[in-house]
Amino acid sequence: MKIRLDHVVKTFETFRAVKDVSLEIESGELVALLGPSGSGKTTILRMVAGLEYSDGGQIYFGDQDATDIPVRDRGVGFVFQHYALFPHMTVAENIAFGMKVSKVKREKAAIEARVAELLRLVRLENLGGRFPAQISGGQRQRVALARALAVDPKVLLLDEPFGALDANVRRDLRRWLREIHSELGITTLFVTHDQEEALDLADRVVILKDGQIVQQGTPQEVCRDPKSAFVMKFLGDANVIAAEVRDGKAYASGATIAVSGLADGKAELYARPADLDWSLQGPGIPASITRVLDRPDGRRVLATVETGEHLEFDVEPERAVKAGDGGFVTLRRAKVFAIG
Amino acid sequence: MRRNVLPGLRLSLGVTLFYVGLIVVLPIAALVFKAASLGPEDYWRIVSSARALASYRVTVLAALGATLFNLFFGLALAWVLVRYRFPGWRLVDAMVDLPFALPTAVAGISLTALFTANGWFGSILADFGIKVAYTPLGIMIAMCFTSLPFIVRTVQPVLEDLDPALEEAAQSLGGSDFAIFRKVILPLLTPALLAGVSLSFARCLGEFGAIIFIAGNQPMSTEITALLIFIRLEEYDYPAAAAIASVLLITALVMLALTNWMQSRALRYTVRS
């Protein structure tokens with residue numbers, strides 16, 4: 001089911017949480033709403049679910065205006081950050097809840113068969129009789145997903161689904177959710193503040209800031225072509241170097257890079273740690289190494305430029321560098337954004 | 001004893017056990033001892049006399065009625081206090097504790113004044129042919145008044161801590177308001193409701209001050225057990241008073257044990273495997 005948000009606005013007592021957001025999610029797409037806390041991403045998700053009413057604008061499910069349809073009739077599956085499993089019901093009873101309270105009456109045997117099928121889907125066949133307090137966080141979130149899928153929702157909405165889990169479980173569940181999505185093909189919208197999660201999982205990433213969409217696109221598009229300094233910084237570690245643009249070139253202390261479409265004047269040059277390298281000869285930005293951090297996949301070098309700026313970059317594990325070395329930071333690639 | 005990091009266990013345990021022994025166990029032991037000074041036949045004759053039986057009946061029935069009423073009304077009151085903020089909310093919240101603070105005799109006299117045939121409520125009810133003062137109904141109303149806070153105050157914090165996401169999840173799964181209340185909220189409140197019910201019922205059984213003014217105290221019809229004990233005491237018949245009191249004690253203990261058992265059953269789901 002295609003979802004369309006048309007100039008949606010939400011104001012809470014003290015501030016405008018969502019300012020005029022328009023967004024289209026194609027049928028079967030898996031879309032991430034990514035943004036820092038307070039960017040309005042959860043509010044948007046809750047409005048799509050019907051857990052929050054919008055103060056302006058329309059939300060369409062397919063061609064139907066769903067703006068005023070209450071949550072219980074909207075046909076969405078919602079997965080909460082802290083699972084929101086019913087603690088007094090077993091795993092199987094949790095999953096069956098939606099089918100039992102539904103206006104559509106189902107045979108008891110049909111419900112049981114569907115519960116068994118969902119337990120298989122989320123790989124929890126043997127835990128149907130446990131209570132939520134008796135299973136792990138990752139298992140709880142899988143139960144929550146099974147419970148949401150049990151009512152055959154047109155749309156699946158997940159609010160920071162893996163936020164409360166530790167890193168390894170999170171990575172596993174991510175891959176697994178992607179598999180389930182390919183299997184079921186259900187239109188899915190999820191909220192996260194973890195850029196890695198959004199990029200790993202989503203077909204398309206929508207980046208939000210202060211209640212507005214600042215950029216959207218495939219993970220490749222937003223990573224390779226961030227449209228603003230905010231997106232650049234938010235998507236990952238970035239070094240910031242003061243620069244000046246003159247005649248289509250950006251000059252930063254000792255490094256020059258060609259830019260297009262920028263007016264002359266002060267600018268900032270953004271480079272990922274992997275975009276920089278270390279060399280003993282110039283040309284480059286003269287710097288001295290202050291610390292070397294060894295990591296499983298390489299060495300992270302912290303260096304200080306003469307002007308006092310700090311830079312971070314990665315070199316291969318074999319490279320002999322140590323604190324106190326002097327040399328030059330060279331630029332493989334960078335993004336330049338005008339200041340202001 | 002297992003070694004404990006926190007200091008002061010022995011001292012605090014000693015002091016509290018001594019206190020509990022002095023204030024709770026000793027008087028009860030004295031009561032049992034006094035009642036036991038009767039032979040089994042005398043004991044049975046006293047506790048099963050027609051007048052005593054009539055007093056048990058009216059006390060227990062009125063206590064059950066009052067507790068049942070408070071179960072519904074107390075739940076509704078707790079619900080309103082937790083879910084809504086309205087002008088005067090703070091006042092209503094404070095009023096709930098009034099039955100605790102007010103001397104029960106004062107409550108009894110006020111209720112009697114209201115419900116006698118020419119009182120504000122009594123005169124209106126009399127038009128419908130309902131008599132409250134000096135009937136078992138009056139006893140029940142006095143019990144309702146004094147035991148109301150128990151249910152409200154046990155349910156209120158649990159209701160406040162209920163995760164709103166549970167109701168939202170149930171809504172998103174298509175549950176109607178009634179289905180959500182019955183299948184999600186009520187089961188989660190059950191342990192607190194049971195705790196409130198057992199406290200409320202125990203209080204009703206033992207209530208004295210608020211009731212004797214409104215009850216009329218006619219032996220065989222509106223004489224409560226607590227009053228019968230008091231009468232026996234005034235007659236210096238201590239063993240008989242203790243014997244009848246022991247029946248109240250046993251009833252209260254059985255009720256507490258029963259609700260505790262039901263509570264632990266209702267809380268099975270919190271036990272980790």
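A crossing of two helices is called left-handed if the near helix is turned anticlockwise from the far one by less than a right angle, and right-handed if it is turned clockwise. By that convention, helix 1 and helix 13 of chain B cross in the left-handed sense. The model is predicted.

**Chain B as a whole**

- Chain B contains 13 helices and 0 strands.
- The C-alpha trace of chain B spans about 65 × 65 × 30 Å along its principal axes.
- Of the 273 residues in chain B, 34% are buried.
- When contacts in chain B between residues at least 6 apart in sequence are considered, 78% of them join residues at least 24 apart.

**Helix 1 against helix 13 in chain B**

- Two packed helices are described by the angle between their axes and the distance between the axes.
- Helix 1 (residues 9–36) of chain B and helix 13 (residues 238–266) of chain B have axes that come within 8 Å and cross at roughly 120°.
- Helix 1 of chain B and helix 13 of chain B are therefore oblique to each other.
- Helix 1 of chain B contributes B:Ile28, B:Leu31, B:Val32, B:Lys34 and B:Ala35 to this contact, while helix 13 of chain B contributes B:Tyr238, B:Pro239, B:Ala242, B:Ala243, B:Ala245, B:Ser246 and B:Leu249.
- Sorted by class, the residues in the contact of these two helices of chain B are 10 nonpolar, 1 polar and 1 charged.

**Contact between chain A and chain B**

- Chain A supplies 22 residues to the contact and chain B supplies 20 residues.
- On the side of chain A that touches chain B, the elements giving two or more residues are helix 2 (71–74), strand 6 (76–79) and helix 3 (91–101) of chain A.
- Helix 3 of chain A gives the most to that side, with 3 residues.
- The side of chain A that touches chain B has 14 nonpolar, 5 polar and 3 charged residues.

**Strand 6 of chain A**

- In a regular strand the side chains alternate between the two faces of the sheet.
- Strand 6 of chain A runs parallel to strand 7 (residues 155–159) of chain A, and 4 bridges join the two.
- A:Gly77 stands opposite A:Leu156, a residue of strand 7 of chain A.

**An antiparallel sheet in chain A**

- An open sheet of 5 strands in chain A has the order 15-19-16-17-18, with antiparallel pairing.
- Its edge strands are strand 15 (276–279) and strand 18 (310–315) of chain A, each of which pairs on one side only.
- Neighbouring strands of this sheet are turned by 45° against each other on average, direction ignored.
- Strand 16 (residues 285–295) and strand 17 (residues 298–305) of chain A pair in the antiparallel sense over 8 bridges.
- A:Val292 has A:Val301, in strand 17 of chain A, as its bridge partner.

**Positive phi values in chain A**

- A:His7 is a residue other than glycine with a positive phi, near 50°.
- A:His7 is placed in strand 1 (residues 3–11) of chain A.
- A:His7 counts as exposed because it has 12 C-beta neighbours inside 10 Å.
- A:Glu160, also not a glycine, has a positive phi of about 45°.
- A:Glu160 lies in the loop between strand 7 and helix 6 (167–184) of chain A.
- A:Glu160 has 19 C-beta neighbours inside 10 Å and therefore counts as partly exposed.

Key
Residues are numbered from 1 along each chain as its sequence is written. Chains are lettered from A and ligands numbered from 1 in the order in which they are written. This is a predicted model: local features need pLDDT of at least 70, side-chain atom pairs count only at pLDDT 80 or more; totals for chains, interfaces and linings use all residues. Axes are lines fitted to C-alpha atoms, for helices over the stretch in contact, and angles run from 0 to 180 degrees between N-to-C directions. Angles under 35 degrees count as roughly parallel, over 145 as roughly antiparallel, 65 to 115 as roughly perpendicular and the rest as oblique. Two residues are in contact if their C-beta atoms, placed from the backbone, lie within 7 Å. Ala, Val, Leu, Ile, Met, Phe, Trp, Tyr, Cys and Pro count as nonpolar, Asp, Glu, Lys and Arg as charged, and the others, Gly among them, as polar. Two strands pair if DSSP finds at least two bridges between them. A residue is buried if 20 or more other C-beta atoms lie within 10 Å of its own, exposed if 12 or fewer, and partly exposed in between; C-beta atoms are placed from the backbone.
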